[in-house]
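Let's take a walk through this protein, one piece at a time. Keep the picture open while you read.

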Amino acid sequence: MYATPRYTATASLVLRQQEQNVLNFQNVIPGASPRDFLAMNTELLILKSDTLLGRVVDSMSLVDDREFNPRLAAMSSSDEPAGPSWTERIGLSALWDAIGWTSKAPEPLPTAREIRRQAIDILRRKLSIAMVPDTYAIEVSIEANAPDKAANIANRISELYIAEQLETKFTAMDDAMVWLGERVAELKEELETAEGKVRQYAANATVITEEGLLFETERLKRLREDLSAKERTEQELRERLARLGSLRRDGDFRALSSFTIMPELQTAARELAESGDDEAALRRFETAFDRRVQALRSEIGRAERQVRSLEQGVEALESELEVRSSDFVRLQQLQREAEATRLIYEHSLG
């Protein structure tokens, strides 16, 4: 009979959060999955947050409601006329005022911010939020001294919560679009820079195709083979000249006649081996021997020149091929970088 009536209204919210995929990029909205228990508890904290409850207080002007602003009720009761106090009745009040002695200092008035803060705290105490077991639902319950008020506040909390979620997602979408636009512009600039590097490097470098590099590599291989053959020929000629001189010093004319390939020297050496110290045969031998030595030295000189020429050719081709290979590798790297940037840029546009 004497208790103040209390009414409770409950609103149910169902969380159906979906992955937000903005233009095939990763999710830019940090939403909570309803399957995640921790995420569900996070949503409960949002529903009890000062930000959301402050919006409810402001939108419903709860600071003007006595239930949420107890000072209004106190002010209402203080408006009733009161009789004189006992100090006034016996005349002591005037005396105390005269000597500066008052029994109680007046309390300062609360600021609008403090009144709003108190209304938020009272609303939070009247608010009950719970997850419905085995569901993705949240129940928002409000207790008030009037049924319509309780229902309106429960609905308002739910509406502002939904509006805040949508606002967050739209803001994230706008941020994503702004970021994507800036990123596309950056990628376009990066692509132009990468392609410019390819063109500039291709124009200044001694670049050939991959097939051309293979051809030059084969040519270098053949030059090295020719060089090795000429070096062996030069070595064989030197050994032949040394062997010929050794046989001449040993006077082994019979072995010399078998060793040499010059017919005239073969005949002269054979005659000298058979005749012994025949001066005519010795002169013919010396003449043929000197001619053969000169021929071998001439062949050795020609082989030396060919070896030097081939060595210079090999060194030049090796140096050129090294530069071209380096240029080709660098060009391929720049082309791959440009192609990778192009793919990202086209993907961003798609």
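## Ground rules

Two strands count as paired if DSSP finds at least two bridges between them. The strands themselves (E, at least two residues) and the helices (H or I, at least four) are DSSP runs, numbered from the N terminus.

This is a predicted model, where local features need pLDDT of at least 70, side-chain atom pairs count only at pLDDT 80 or more, and totals for chains, interfaces and linings use all residues. Residues are numbered from 1 along each chain as its sequence is written, and side-chain values use heavy atoms, with hydrogens and water left out.

## Strand E3 and its partners

Start with strand E3, residues 137-144. It pairs with E2 (residues 127-131) in the antiparallel sense, over five bridges. In that pairing, isoleucine 129 has valine 140 of E3 as its bridge partner. E2 and E3 make a hairpin with five residues between them, and in the turn aspartate 134 has a positive phi of about 60 degrees.

E3 also runs antiparallel to strand E1 (residues 7-14), and eight bridges join the two. There, valine 14 sits opposite alanine 137 of E3. Six of the eight residues of E3 are buried (buried means under 20% relative accessible area, exposed over 50%, partly exposed in between, with a 1.4 Å probe and protein chains only).

## Where two helices cross

Now find helix H2 (residues 50-59) and helix H6 (residues 112-126): they pack at an angle of about 105 degrees, with axes 9 Å apart. (Axes are lines fitted to C-alpha atoms, for helices over the stretch in contact, and angles run from 0 to 180 degrees between N-to-C directions.) So H2 is roughly perpendicular to H6, a label for angles of 65 to 115 degrees; under 35 is roughly parallel, over 145 roughly antiparallel, and the rest oblique.

Within H2, the buried residues include Leu53, Val56 and Val57. Just after H2, serine 61 takes a positive phi of about 50 degrees.

Asparagine 155 belongs to helix H7 (residues 147-204). This one counts as partly exposed because its relative accessibility is 40%. Asparagine 155 is 143 residues from serine 12 in sequence, with 9.2 Å between them in space, C-alpha to C-alpha.
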